[in-house]
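Hi,

Here is the structure I promised to pass on.

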Amino acid sequence: MSKDSSQLHSVVALVDEDSNPFELACLTEVLGIDRPEVGGLLYDFRMCARESKVSMRQGFFVMTDIAGLPALDQADTVIVPNRPDTATPHHPAVLEAIAGAYDRGARMIGTCSGAFTLAEAGVLDGRRVTVHWQWAEEFRDRYPRVRVDDAVLFVDDGDILTSAGSAAALDLALHIVRRDHGAEIGAAVARRLVFPGHRPGGQRQFIERPLPREAESPLAAALVWAEQQATESITVADIASRAAMSPATLHRRFRAELGCTPNQWLTTVRVEHARRLLEQTDLAIDQIAHQSGLGTAANLRDRLAGHTGLTPTAYRRTFSA
C-alpha cells in the first residue's frame, strides 16, 4: 500500500523552457514513481514552472497545468534541470524562488547545465559542483568563486548536489535514494531499473563504454565473480586472473569501461555490503568490517565516512530496519 505523500520528504522539480527531458525523466523515474517493491512512494514529488505551460527541448512535447513557483516554498529538495541556453539570463522570479528555497534550508539538486541556474541564483559561491565537461570552461569563466570538478559523474556537497550530463542524472538520483533511505532500498530501486548500483560520483565522465556487456567484454564476467567474492580477501590480481588479462590491462579496461580503478570499484562494493549489514544485523562493527571484506573497524569507519559522511554507529541508527 502506498504511503501518504503528505508525510514524505517533498521534492519539487523546477521545469525550464526548452530543457532536455531526459535528465528530468531520470529524477522523476527514481524519486517520483510509486515503488511497491520498497513499500510505495519514497518522496512527495511534484513539478513547477514560472508558467503553467512549458515546451520541452525542440518542441517535442509540451507540459501543461504545471504548478507555479510558490510550490517551491514548502519543498525539502529542489531540482533544477539542465538548460541548453546557458547564455540567456533567467527570469528574476525564477532566481528569487530558488534563492528563497535555499535560504529556507531546502536541498538543491542541479543536473548538467542546471548548475548555471543555481550559480545565477547566487547559491553556489564557495561550493564544489560538477557540470558536463563541455560547459566547464564557460562555467569557470562566469562563476570563478565556484569550484568546478568536471571529471566526475556527480558531486555531493551536502545540501547542494550536481550531476554531469545525461545518464549521470540517474547515478545521482540513485545516490540520493541511498543517502536518504539506505543501501538496501537504493539497491532495490537500481535492480528494478536494471542499472548498476556501483557507480560512485567520483568516477570520471570520460567513459568509453559505461556498462560492459558479457558479449562484448571479458571484464563483465569477472565483475560478476568479483562482486560475489568481494567480501573475501580477493585482490586486483585475482580479478585480473579471472578476466584472463594482466593487472595492467585490467586497470586500463576498468578505466575505459567503468571510469575507475579496480580498487575503487572493489571498495565501493564492499562498502555497500557493509551498509546492508549495518541496516539489517546487530553485528559488531569489527565483525561487519571482516564480513564485508574491509578488514578492520578503522578501515570501515574511514570508507563509510567517505561514501556517506556517517560513522557506522550513526549510519545504523539512521537506517537500521
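A word on naming before anything else: helices (H or I, at least four residues) and strands (E, at least two) are DSSP runs, numbered from the N terminus. This is a predicted model, so local features need pLDDT of at least 70 and side-chain atom pairs count only at pLDDT 80 or more, while totals for chains, interfaces and linings use all residues. Residues are numbered from 1 along each chain as its sequence is written, and side-chain values use heavy atoms, with hydrogens and water left out.

Let's start with α5. It has 14 residues and reaches 20 Å from its first C-alpha to its last, close to the 20 Å expected at 1.5 Å a residue (the expected span being 1.5 Å times one less than the number of residues). Of those 14 residues, 11 are buried, so α5 is largely enclosed by the rest of the structure. Buried here means under 20% relative accessible area, with exposed over 50% and partly exposed in between (1.4 Å probe, protein chains only). Among the buried ones are D171, H175 and R178. After α5 comes G182, with a positive phi near 100 degrees.

Now the sheet. It is open, with six strands in the order β2-β1-β5-β6-β10-β9 and mixed pairing; two strands pair if DSSP finds at least two bridges between them. β2 (44-48) and β9 (154-156) are the edge strands, each pairing on one side only. β5 (residues 77-80) and β6 (residues 107-111) run parallel over four bridges, and V80 has G110 as its bridge partner in β6. β6 and β10 are also parallel, over four bridges, with T162 in β10 as the partner of G110. β9 and β10, in contrast, are antiparallel over three bridges. Those two form a hairpin with three residues between them, and G158 in the turn has a positive phi of about 85 degrees. Both faces of β10 are covered: I160 and T162 are buried on one side, L161 and S163 on the other.

Cheers
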